[in-house]
2 protein chains.
Amino acid sequence: MFKFKIIKKSGQSSLRVGEIETSHGKFKTPAFMPCGTVGVVKTLTPEEVRAAGTEIVLANTYHLYLRPGEKIIQKLGGLHQFMKWDGPILTDSGGFQVFSLGSARHMTHKHVVGRPSPAAAACRSNCLAPAEAPLVKITEDGVEFRSHIDGSRHFFTPEKVIEIQYALGSDIIMPLDYCATYYCSRREVERAVDYTLKWAAISKEKLNRLNRKDKPTLFGIVQGGVFKDLREYCAKELMKMDFAGYAIGGLAVGESKKEMYDIVRHMNEILPSNKPRYLMGVGEPEDLIKAVQLGIDMFDCVLPTRLARHGVAFTKNSKLKTQNSKLQPKTQKLNLIKSIFKSDPKPLDKNCGCYTCQKRFSRAYLHHLLKEGEILGHRLLTIHNLYFIESLLKDIRKSI
Amino acid sequence: MFKFKIIKKSGQSSLRVGEIETSHGKFKTPAFMPCGTVGVVKTLTPEEVRAAGTEIVLANTYHLYLRPGEKIIQKLGGLHQFMKWDGPILTDSGGFQVFSLGSARHMTHKHVVGRPSPAAAACRSNCLAPAEAPLVKITEDGVEFRSHIDGSRHFFTPEKVIEIQYALGSDIIMPLDYCATYYCSRREVERAVDYTLKWAAISKEKLNRLNRKDKPTLFGIVQGGVFKDLREYCAKELMKMDFAGYAIGGLAVGESKKEMYDIVRHMNEILPSNKPRYLMGVGEPEDLIKAVQLGIDMFDCVLPTRLARHGVAFTKNSKLKTQNSKLQPKTQKLNLIKSIFKSDPKPLDKNCGCYTCQKRFSRAYLHHLLKEGEILGHRLLTIHNLYFIESLLKDIRKSI
């Protein structure tokens, strides 16, 4: 089941507020999906994820396929039951993770089909390659890769990726795509688009053949790097296949913000406005504010949870206003590990409604927990950061 | 403020149910105090600690003195405010930790005043010595030691230990004691008793001189190893000083269970029955059951929280009954990391009332979280294990 309804539209920008209904309930758009990579939004219980304002979570096909394996999850009643999250779940296709394996984690590995890649910083987030980068082989049929856990060989075809997500029981699923980084040649990006389109068609067919009452909903993924013509071509070909929603992949992988927004703006003109648009892997507060004004409805990013584990908290700096929006004061990041917080009695943000701030845990206590490596420190910051991002989207939805 | 009230007594054994009132509220005895070593019961929020049934927590003077320092905590309003635990807090004296520094973490170090100590297993729990064991020097005046964090030198006198705990704002405080392990010579244990008694007297005097309306309550600590006569002497000398409660220290440090219970039994005959007795560092479920029958009112132990972090959960095995008691079926420990749990859909214990079991997280999910090193796995097991121990004590209190 999948219904997308636009509830309100902004006069000035392409910003729209909507609602998506799935067989596991509704979620409001624009929506932020925290990453529940291996079947858990790191450090949090489902109730805590919900309390942050989250209505849909993302989980990673690549990780869950490798461990515990989709068959075990299916046997245990599906991913919702496994992780006790009763709301909607979107699973990615694993494409990004698999290609990250071939990318330059250590700044020394050669990208499997490109030139030596300085994309390490961009890819590091999901690049799981052990010291010796596992081989990734891409053919028209799919991708061969080695597990980051035990080095075992695996082959992802578009069909297999659909089967895995089907077994997991996700509500929204993604087709295998070829995620070229910013540092790939145009020729390689062309190939990425060709394969992505071919695999999208195969995925759609595969899903149609699957025999289930409540089939998951398949989105298309637009690739094409920073080449507007390739992006346009890819989007239009996908639109011919008529997907329920369209994701913009392969951004935030090394290009400048300007290049990223040029593509998002272009996609806004091309993609059908009655279908949800999902900007993959983007989650900086300022980027969310800009992207929703360019018609983006869905986001996912590891940022709020990862920053928390690194001791960093989002807060509002009311003295700075964002240039492009009066929606929200500019975000600043507090690095709680710094010794200036050693005896700071203030909460992270006295106006914040999250548990951490409402309970008035001091910055000094958070600093102490982080210095001690105490898990509660990571939890309290994760709770705060996720609440911060979800509240930002809530404010955006209210603002029009 | 400190009031100890015995509410019920068992006819057959020395088991008694009581209540202790402090300026931060009451707690029922027999009581289990989870370890909030550095100002947090590992992985848990105060609400989760409370939900497990906990009414009093223990924190460690040694750790908090070194980081963040008692002055910072005092400045921030005291330990209750710092960690947002509004119930009673007991702080230990740091004696055990300091002596552990001199003990054999790596099975190779020479005990500071004893023979080469195989007590590593026993001491490992609190021994913080880095690869090069810091020097611990004991004199009649106190203990000089090096920080496990940065190697800096510190000197604990009985007075200083009182001052630190006073600054922390604990409800129940402990005097500096000399904790000899099982592997120390009788002569050394004699010295340990002498110093412990001397320091107890100094501590009491120091506390009397402190000018505060709501002074913390000081317990005495009985040392004496497995030597009954030394224990008896130590207990009687302490009783002359008239403490509000008596702790039995220096057990569970290498001796056999029989030797341990011989001492506890002997103390039960000697210590005044109208004062609470606190068996330090003991927390195995079977030991709790036995010890309460020998008149013990308070316990602390890292076991439920530490086992959780190692992937181990307490459960009841209803097929096995404990020999000494019908109170409780025998406890078994499930090591959730084992692959036999890989696809086990059952909760840890279907009759358990903790969040983890009530939410019906499967053993398979817990296994998965542990394999992935996910923090939520440690949290869910900590919640369960602490609930298990607190429920055991609740059952004991109800049983008479």
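User: How many bridges join β7(B) to strand β8 (residues 142-146) of chain B?

Analyst: In this predicted model, β7(B) and β8(B) run antiparallel and are joined by 3 bridges. As a general idea, the strands of a sheet pair through backbone hydrogen bonds, and they do so in either a parallel or an antiparallel sense. To find a pair of facing residues here, look for Ile138(B), which stands opposite Val143(B) in β8(B).

User: In what order do the strands of that open sheet stand?

Analyst: The open sheet has 3 strands in the order β7-β8-β9 (chain B), and their pairing is antiparallel. Because β7 (137-139) and β9 (153-156) of chain B each have a single partner strand, they are the edges, and one side of each is left without a neighbour in the sheet. Neighbouring strands of this sheet are turned against each other by 15° on average, if direction is ignored.

User: How should I read strand β2 (residues 16-22) of chain A and strand β3 (residues 25-29) of chain A, and how many bridges join them?

Analyst: β2(A) and β3(A) run antiparallel and are joined by 5 bridges, and the two strands form a hairpin with 2 residues between them. Within this pair, Ile20(A) faces Phe27(A) in β3(A).

User: What is the sense of the pairing between β4(A) and strand β15 (residues 298-301) of chain A, parallel or antiparallel?

Analyst: β4(A) and β15(A) pair in the parallel sense, over 4 bridges, with Pro34(A) standing opposite Cys301(A) in β15(A). A strand can also be read by the directions in which its residues point: from β4 (residues 31-34) of chain A, Ala31(A) and Met33(A) point one way while Phe32(A) and Pro34(A) point the other way, and all of them are buried.

User: Which peptide bonds are cis, such as the one from Thr29(A)?

Analyst: The angle to read is omega, and the bond from Thr29(A) to Pro30(A) is cis, with omega near -5°; Pro30(A) lies in the loop between β3 and β4 of chain A. A cis peptide bond also joins Arg67(A) and Pro68(A), where omega is about 5°, and Pro68(A) is placed in the loop between α2 (61-66) and α3 of chain A.

User: Is Tyr246(A) buried or exposed?

Analyst: The cut-off for a buried residue is 20 or more other C-beta atoms within 10 Å of its own, and Tyr246(A) is buried because it has 23 of them within that distance. Tyr246(A) belongs to strand β13 (residues 246-248) of chain A, and, residues up to four places away in sequence not being counted, it touches Phe219(A), Gly220(A), Val222(A), Ala235(A), Leu238(A), Leu271(A), Lys275(A) and Arg277(A). Separation along the chain is another thing to read: Tyr246(A) and Pro30(A) are 216 residues apart in sequence and 14 Å apart in space, C-alpha to C-alpha.

User: What is phi of Arg360(A), and what is phi of Asp242(B)?

Analyst: Phi of Arg360(A) is near 65°, a positive value in a residue other than glycine; Arg360(A) sits in the loop between α13 (355-358) and α14 of chain A and counts as partly exposed, with 14 C-beta neighbours inside 10 Å. Asp242(B) likewise has a positive phi, near 60°, and lies in the loop between α9 (228-241) and β13 (246-248) of chain B, where its 10 C-beta neighbours inside 10 Å make it count as exposed.

User: At roughly what angle do the axes of helix α9 (residues 228-241) of chain A and helix α10 (residues 257-270) of chain A cross?

Analyst: The axes of α9(A) and α10(A) cross at roughly 35° and come within 10 Å, and the crossing is right-handed. Lys228(A), Arg231(A), Glu232(A), Ala235(A) and Lys236(A) in α9(A) meet Ile263(A), His266(A), Met267(A) and Ile270(A) in α10(A), so that by class this contact has 4 nonpolar, 1 polar and 4 charged residues.

User: How many residues of chain A are in contact with chain B?

Analyst: 31 residues of chain A are in contact with 31 residues of chain B. On the side of chain A that touches chain B, α3 (70-75), α4 (79-83), α14 (363-371) and α15 (375-399) each supply at least two residues, and α14(A) gives the most, with 5 residues. The residues of this side divide into 15 nonpolar, 7 polar and 9 charged.

User: What rotation superposes chain A on chain B?

Analyst: A rotation of 180° with 0.0 Å of shift along its axis superposes chain A on chain B, at an RMSD of 0.0 Å, and the two copies are therefore related as by a two-fold rotation axis. Ile375(A) is the residue of chain A that comes closest to the rotation axis, at 3.6 Å (C-alpha). The same surface serves both copies, since 100% of the contact residues of chain A recur in chain B.

Methods. Residues are numbered from 1 along each chain as its sequence is written. Chains are lettered from A and ligands numbered from 1 in the order in which they are written. This is a predicted model: local features need pLDDT of at least 70, side-chain atom pairs count only at pLDDT 80 or more; totals for chains, interfaces and linings use all residues. Two residues are in contact if their C-beta atoms, placed from the backbone, lie within 7 Å. Ala, Val, Leu, Ile, Met, Phe, Trp, Tyr, Cys and Pro count as nonpolar, Asp, Glu, Lys and Arg as charged, and the others, Gly among them, as polar. A residue is buried if 20 or more other C-beta atoms lie within 10 Å of its own, exposed if 12 or fewer, and partly exposed in between; C-beta atoms are placed from the backbone. Two strands pair if DSSP finds at least two bridges between them. Copies are superposed by least squares on the C-alpha atoms of residues with pLDDT of at least 70 in both. Axes are lines fitted to C-alpha atoms, for helices over the stretch in contact, and angles run from 0 to 180 degrees between N-to-C directions. A crossing is left-handed if the near helix is turned anticlockwise from the far one by less than a right angle, and right-handed if clockwise.
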